[in-house]
Amino acid sequence: MPRNKLERFIDISEFEHVLEYTDFENNTSSKPKRRWHSDVFKNENPIVLELACGKGTYTVSLATQNPHKNFVGIDIKGARIWKGAKKSLNSGLTNVRFLRIFIDHLSEYFAPKEVDDIWITFPDPYLKKSDQSKRLTSPKFLSIYQKVLKPEGSIRLKTDSNELFSYTREVTEATSCKVLDIVEDIYKERPDDQWLTIKTDFEKKHLKKGKTISFIKFTLPDQPID
């Protein structure tokens, strides 16, 4: 097992199922936009993203549970992606890819309606009011998701942050999103849900501290989000 970040970066650069695009050059010929089905996964199965995937726990677990869907874990931190990439490789999963990019560049890598669903698991809540636009459920990011997500596609947020959970509920109402499901305390209300009870390393730490884990699922409106 690699002992440091440098070795992990070298590892993922050699993994065929990890795509790294961190220079944002104008040349888009090598980017997978519009080619996820035909060239990357080589099938027409639904594509599901996990944003800010970290170590890829959710990406790998969901892929294991849903072999007829394709999963893409997205994060900018390569050393974290390494763990999920290594695990999916060792498990022989063919429906998993990892993409190392900044999330606000999402529409450069996915075409309109190319994405079926989005998961956001334990993102940074950016608690300072001045940082609200950085939240992955802010209107700024919902507008980005509109560019790639199918109209019926859903966004799922799982978080330990009461502030982010409340903020997301407010944003969905203000932007006319349709809330499909909401769980204020997963382990009290849905302790047997196989998808919602997948535990990341962060989540295990949060649960030890007695934090409540919440969930909301919603779809985006037809009209553009400002």
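Guide: This is a predicted model. To begin, Glu203 and Lys158 form a salt bridge, with the closest N and O atoms 2.9 Å apart.

Visitor: Why is the contact of Glu203 with Lys158 called a salt bridge?
Guide: The label needs a side-chain nitrogen of Lys or Arg within 4 Å of a carboxyl oxygen of Asp or Glu. The closest N and O atoms of Lys158 and Glu203 are 2.9 Å apart, so the pair meets the rule. Glu203 lies in helix 8 (residues 201–208) and Lys158 in strand 6 (residues 149–159), so the bridge ties together parts that are 45 residues apart in sequence.

Visitor: How do you know whether Glu203 and Lys158 are buried or exposed?
Guide: Buried means under 20% relative accessible area. Glu203 has 0% and is therefore buried. Lys158 also has 0%, so it is buried.

Visitor: How many salt bridges does the rule give?
Guide: The count comes to ten salt bridges. Among them is the one between Lys31 and Glu108, where the closest N and O atoms are 2.9 Å apart. Lys31 sits in the loop between strand 1 (18–20) and helix 2 (36–41), and Glu108 in the loop between strand 4 (96–100) and strand 5 (115–121), so this pair ties together parts 77 residues apart in sequence.

Visitor: What makes Lys31 buried and Glu108 partly exposed?
Guide: The cut-offs are under 20% for buried and over 50% for exposed, with partly exposed in between. Lys31 has a relative accessible area of 5%, so it counts as buried. Glu108 has 28%, so it counts as partly exposed.

Visitor: How do you know that Glu184 and Arg169 meet in a salt bridge?
Guide: Their N to O distance is 3.2 Å, and the limit is 4 Å. Glu184 is in the loop between strand 7 (178–183) and helix 7 (186–189), while Arg169 is in helix 6 (residues 162–174), 15 residues apart. Glu184, at 47% relative accessibility, counts as partly exposed. Arg169, at 36%, is likewise partly exposed.

Visitor: Why is the pair of Phe141 and Tyr145 called tilted?
Guide: Ring centres must lie within 6.5 Å to pair; planes under 30 degrees apart are stacked, over 60 edge-to-face, and the rest tilted. Phe141 and Tyr145 are 6.3 Å apart, centre to centre, with 40° between the planes, so the pair is tilted by this rule. Both residues lie in helix 5 (residues 139–146), four residues apart, about one turn of the helix. Both Phe141 and Tyr145 are buried.

Visitor: How many aromatic pairs are there, and which residues do ring pairs link into a cluster?
Guide: The count is six aromatic pairs. Ring pairs link Tyr58, Trp119, Trp195 and Phe215 into a cluster.

Visitor: What makes you say that the charged end of Arg135 sits over the ring of Tyr167?
Guide: CZ of Arg has to be within 6 Å of the ring centre and within 35 degrees of the ring normal. The charged end of Arg135 is 4.5 Å from the centre of the Tyr167 ring, and it is listed as sitting over that ring.

Visitor: Which members of the largest nonpolar core touch the most other members?
Guide: They are Leu49, Leu51, Ile74, Leu106, Phe110 and Tyr145, out of 36 residues. Helix 2, strand 2 (47–51), strand 3, strand 5, helix 5, strand 6, helix 6 and strand 8 (214–219) each supply at least two residues of this core. A second, separate core of 19 residues includes Tyr58, Leu62, Ala63 and Ala85.

Visitor: What is Leu106 in contact with, leaving aside its neighbours within four places in sequence?
Guide: Leu106 contacts Leu49, Leu51, Ile74, Ile101, Ile144, Tyr145 and Val148.

Visitor: Why does Arg34 count as exposed, and Ala52 as partly exposed?
Guide: Arg34 is at 60% relative accessibility, so it counts as exposed, the cut-off being over 50%. Ala52 has 24% and is therefore partly exposed. Arg34 is in the loop between strand 1 and helix 2, and its phi is positive, about 70°, although it is not a glycine. Ala52 lies in the loop between strand 2 and helix 3 (57–65), and its phi is near 55°, again a positive value in a residue other than glycine.

How values were computed:
Residues are numbered from 1 along each chain as its sequence is written. This is a predicted model: local features need pLDDT of at least 70, side-chain atom pairs count only at pLDDT 80 or more; totals for chains, interfaces and linings use all residues. Side-chain values use heavy atoms; hydrogens and water are left out. Buried means under 20% relative accessible area, exposed over 50%, partly exposed in between (1.4 Å probe, protein chains only). A nonpolar core is a set of buried Ala, Val, Leu, Ile, Met, Phe, Trp, Tyr and Cys residues joined through side-chain atoms within 4.5 Å. Contact means heavy atoms within 4.5 Å.
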